[in-house]
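Dear colleague,

I am handing over the structure we spoke about, and the notes that follow it set out what was found. Please read them with the coordinates open beside you.

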Amino acid sequence: MKDLKNYFQKAKLFSYQSRIDLTNIVHKAKGGHIGGSLSVIDIMSSAYALKEIYNFEFILSKGHCLLAWLVTLVRIGEIKINDLDDFYKNGSLFGGHPKKGSLRSITWSTGSLGHGLSVACGKALGNRNKKIICVIGDGESNEGSIWEGFMFMSQHKLSNLLVIIDNNKQESLDFTDNILSISNVQKRLAAIGLKAKEVDGHCIESLIPIIYKFLQNKYKEPVVIIAETIKGKGISFMEKVPKWHHRKIKDDELAKALKELGG
Amino acid sequence: MRNSIARKLLEIASQDEKLILLAGDIGFRIFDEFIEKFPDRFINCGIAEQNMIGVAAGLASEGMKPVVYTIIPFLIMRAYEQIRVDIGINNQSLILIGVGGGLAYDKLGSTHHAYEDIALMRSIPNMNIYSPFSPINAEDCLTKAWDKLNGKNQNPSYIRLCKGGEPDIPETKEIKTNIFLNGILNSSKCIVSTGAISSMIDTHIKKKKTSKTICHIIISEISAETLLELINILIESSIKKVLIIEEHFESGGLFEFIAGILVKTKFRIELENLCLDKKYIFEIFDREKLLENNGINLTLLDKWILENE
């Protein structure tokens, strides 16, 4: 395998800057899905660090983490950070969820959970030469349609589709295990016929090689990554605290957060 | 209608390799020839309608032309949010074919009846709604839906079928696009209907001596454009009274649609209607009896004709 060290470094830099950016933007916008954005950011950094060498279509099924996607697109130069100055303001191009066509990379409107995986399956089936990466959440996996999608993916051997579960173990009000648990998700997927890889979802060195192999067509079977993540990752007072699913950041909290992020 | 639609799908698929047929484990035997000829373009998505609509939308976004077929409550109601988000909001063009309009699945019970589907589909912007009245007309509706899918706006369509074994109405002629006339427009009243119940009305009218002079207009597309055209025809023909019959609840159906358009014009036509009572139906009877017991009693049609002679 190609030496991926440069991409590791690149993705780490992406994550570092993206965490700072999205914290500032949520503070300024006076709201936003900060917790999930911080859990998914290393997944996005890993995928997009490889974008310069391999093309793929990205479907963010857990659409409420749009902000993480936008700051990642800043990293690859698709937009400028200033383009997000009016994020969530009246008349902005960007609201709380992805809007198809708002950017070149945003090809599907999502927001209601449990839709993106089925659509990604349709895309993968309709164009076997295309690579599709679909990110879903563990909370989103409460939706029955996610499991319909997984069954379809397995049945039709959609090896050009990579599904990454941002398994941050929290939903809006509580921990997933206290609501509708997806514990042993690897076994659940295995029972459907999908071999899922469990990785630390904040470990760039673990994520990139799998995404790289997928983009290189090395997998002959459908691939699912269970990315074990922490909601609010990187800001201690947000980590694993349900109230940070969607919340304003106060001025004193911002200073504390940026200090922790090294911003 | 099922068989004629299956025949037409086969014909279109032979001409356009982008057509891909998705079914929700429904369509026993009717797609045998399609599957034999185009095994790679038939996907039985299983009993997973939400996923089926999402997959269809994804296929459409990759340039395929999906046609999705299953029983109406599972197609329209089970997967309604997928239709809204993945077809509506994401602006994908495909064709939804629902079987079992109204009380077609009479004895299968209330879970299989469909009297809310037109209202639901009217709420999806850009969705064309076809409600064919005969096997030949069903083929025509599919052709029109296919043309729209391939047209400039590439709009999606919903085709509401009855089931199987419906007769054709041979004397009917298309006087305007999607508006069919049975009889002559020479009286001050007429009946307007849509869908498979139209042939029952036709048979009923022909049996009754009193009804010989009544004219019957059948609408095969539920759209503002078609209904505005209908109102123009009614006005031009000096029709003063109209009885609208539909195998659907009043809410969001043909009657309300026509009335809504009419009140925005300066013209006044007296509208009455026969539709299904707004309640779930639990009795086990065949379709005709269920219609009679639940709001569409055709003796009321005779009464209306007599009262308005």
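In this predicted model, a salt bridge joins the side chains of B:Glu62 and A:Lys130, with a distance of 2.6 Å from N to O. The count of salt bridges between chain B and chain A is two, and there are twelve residue pairs in polar contact between these chains, both residues of each pair being at pLDDT 80 or more. On the side of chain B that touches chain A, helix H3 (49-61) and helix H5 (80-89) of chain B each supply at least two residues, and H3(B) gives the most, with nine residues. By class, the residues on that side of chain B are nine nonpolar, nine polar and four charged.

As for the extent of this contact, 22 residues of chain B and 21 residues of chain A take part in it. The area buried between chain B and chain A comes to about 1,700 Å², and carbon and sulfur atoms give 54% of that area.

Between them, the two domains of chain B bury about 2,300 Å², with 59% of it on carbon and sulfur atoms. The residues of domain 1 that lose the most area to domain 2 of chain B are B:Leu103, B:Tyr115 and B:Phe133, which together account for 31% of what that side buries.

Two salt bridges are counted between domain 1 and domain 2 of chain B, and the side chains of B:Glu174 and B:Lys144 meet in a salt bridge at 2.8 Å, N to O. The count of residue pairs in polar contact between the two domains of chain B is 16, again with both residues at pLDDT 80 or more.

Taken as a whole, chain B has twelve helices and twelve strands. Its radius of gyration is 19 Å, close to the 19 Å that the globule rule gives for 309 residues, so chain B is as compact as a globular protein of that length. Along the principal axes, the C-alpha atoms of chain B fill a box of roughly 60 × 45 × 35 Å.

Finally, the structure holds 29 salt bridges over all chains. In chain A, A:Glu52 forms a salt bridge with A:Lys10, the closest N and O atoms being 2.2 Å apart. A:Glu52 lies in the loop between helix H2 (34-49) and strand E1 (57-60) of chain A, whereas A:Lys10 lies in helix H1 (residues 5-29) of chain A, so the pair ties together parts that are 42 residues apart in sequence.

With kind regards

Technical notes
Residues are numbered from 1 along each chain as its sequence is written. Chains are lettered from A and ligands numbered from 1 in the order in which they are written. This is a predicted model: local features need pLDDT of at least 70, side-chain atom pairs count only at pLDDT 80 or more; totals for chains, interfaces and linings use all residues. Side-chain values use heavy atoms; hydrogens and water are left out. Contact means heavy atoms within 4.5 Å. Buried area is the accessible area (1.4 Å probe) that two parts lose on being put together, summed over both. A salt bridge is a side-chain nitrogen of Lys or Arg within 4 Å of a carboxyl oxygen of Asp or Glu. A polar contact is a pair of N or O atoms within 3.5 Å; within protein, one must be able to donate a hydrogen and the other to accept it, and residues adjacent in sequence count only if both atoms are side-chain atoms. Helices (H or I, at least four residues) and strands (E, at least two) are DSSP runs, numbered from the N terminus. Ala, Val, Leu, Ile, Met, Phe, Trp, Tyr, Cys and Pro count as nonpolar, Asp, Glu, Lys and Arg as charged, and the others, Gly among them, as polar. The radius of gyration is taken over C-alpha atoms; the globule rule is 2.2 Å times the number of residues to the power 0.38.
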